[in-house]
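Please read the points alongside the sequence and the structure.

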Amino acid sequence: MQKKWILAGTIAGMLALTTACGNSDTAAKKTDDDKKSEQKAEKKEETEKETSGAKLEKKDSSSNQSQSGLINPDLEANLPDATLDVVYENEEPGIELKSNKMSFMVDRYQVVHVTNAPAGEFDGDEAYIVSMNGSIDNQTDGDLYFNNPDILGTDQFDTHMMKLDYSREVRLRPEMDGTVDDPAHYKKGEKQEGVLEYILTKEEYETLKDANVKLRVAQSSADKDFSKKVSDEKVFDLPLSGENAEKQSAVSKEFYPDSILKDNVAEKEMLAENESIGKTETGEKVDVTLDGVQFTKLTPTESYQDAFTGFGDENIVAATVKVTVKNNTDADITLDQFSTFLSTDKVQYLDEGSLAFDTGSIKPGETGEKYLVYLMKEKSDYGEAKDFTFRLTHLTNQDGKDLLKNELSFDVPKQ
């Protein structure tokens with residue numbers, strides 16, 4: 001039996017490394033970045049005292065918008081002599097996460113081009129500041145620990161963390177101040193609104209304005225160790241220019257949202273699709289529906305080119321299978337542990353766990369989606385195959401128990 005796959009361990013390790021490097025405003029220890037920001041803040045405060053008669057009056061920090069339309073009302077006060085131009089604004093970003101009575105939302109964001117700033121203010125003579133108006137609502141039964149989101153640029157390794165240089169007074173944060181033993185977190189019933197700020201150099205923005213940029217919202221938890229998950233990590237489109245917004249919208253509508261696209265592993269070109277299979281296998285604990293399949297040719301992004309091995313001179317084809325799972329139990333189930341195969345009469349392909357994506361935990365009586373990915377050569381594998389068979393052998397919940405009594409099998413026509 002032949003098995004073909006990418007070096008999943010390599011990709012999984014790379015992704016895990018990136019995820020582990022996420023930042024958190026809840027930590028009590030200050031990073032070098034924070035110290036640098038504090039020094040800048042102190043310097044700005046001294047400058048403001050000296051030039052208070054010549055600059056715009058600082059807006060009330062409770063305001064979410066300055067008179068000039070800036071989301072961050074502190075930009076004008078902290079950069080009094082700079083020129084601030086909004087070069088892109090998105091008033092309907094569709095960034096909303098709701099899970100287990102908590103919610104996080106960005107209802108508007110903008111890219112501000114900063115020029116004529118004081119010497120040494122940025123790594124260069126200009127910069128671009130991404131300002132977001134965000135909110136968090138904790139209606140859970142206890143505390144909520146929530147790390148700041150990151151901007152993902154050209155791929156998982158191009159990460160841009162939230163800054164505090166020009167939004168300290170209006171930033172989105174919990175009401176409490178944290179300590180090492182008790183990091184800042186949102187108390188039961190707490191609602192907060194504020195600014196999320198990201199600073200890009202001119203070179204970074206020139207690259208990202210045409211890239212498949214995302215906003216990665218990390219997992220939230222009911223405890224400081226992040227062992228009691230409240231919401232799963234979720235990734236949202238975050239175009240930084242009007243032209244790229246149209247491109248990302250078209251890509252999102254055409255292709256299934258597996259991690260190939262969400263993590264910018266590769267670009268896709270559609271070869272064939274069948275999104276109306278709709279076959280359901282009913283079980284005692286779960287019902288599984290095979291919704292459809294997409295076959296796409298992949299062009300790996302620069303950081304992932306060496307991760308794809310064993311394809312020789314042939315193009316790489318990804319088969320993304322979409323399944324819907326209904327929870328027939330009386331407890332939440334997860335979609336983390338799937339054992340599946342995509343087969344022809346000659347070859348059996350293992351699914352690529354690092355490239356899969358699911359919609360998270362499923363409550364009793366509700367449904368969730370899973371996107372499974374299989375890799376093959378374009379000519380000798382995909383080209384020679386007439387049809388495929390999708391086999392689901394195990395669906396294991398977080399307690400290690402299999403939710404399937406028997407293997408489920410589905411026919412998967414190419415189109």
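1. Lys-229 and Asp-232 form a salt bridge, with the closest N and O atoms 2.6 Å apart; the term denotes a side-chain nitrogen of Lys or Arg within 4 Å of a carboxyl oxygen of Asp or Glu. Lys-229 is partly exposed, at a relative accessible area of 36%, and Asp-232 is likewise partly exposed, at 26%. Here buried means under 20% relative accessible area, exposed over 50%, and partly exposed in between (1.4 Å probe, protein chains only).

2. The model is predicted: local features need pLDDT of at least 70, side-chain atom pairs count only at pLDDT 80 or more, and totals for chains, interfaces and linings use all residues. Residues are numbered from 1 along each chain as its sequence is written, and side-chain values use heavy atoms, with hydrogens and water left out.

3. A salt bridge also joins Asp-258 to Lys-268, with 2.7 Å between the closest N and O atoms. Asp-258 lies in the loop between helix 5 (242-254) and helix 6 (259-262), and Lys-268 in strand 12 (residues 266-274), so the pair ties together parts that are ten residues apart in sequence. Helices (H or I, at least four residues) and strands (E, at least two) are DSSP runs, numbered from the N terminus. Both Asp-258 and Lys-268 are buried.

4. Strand 12 also holds Glu-269, whereas Lys-297 lies in strand 14 (residues 286-300).

5. By the stated rule, the count comes to 14 salt bridges.
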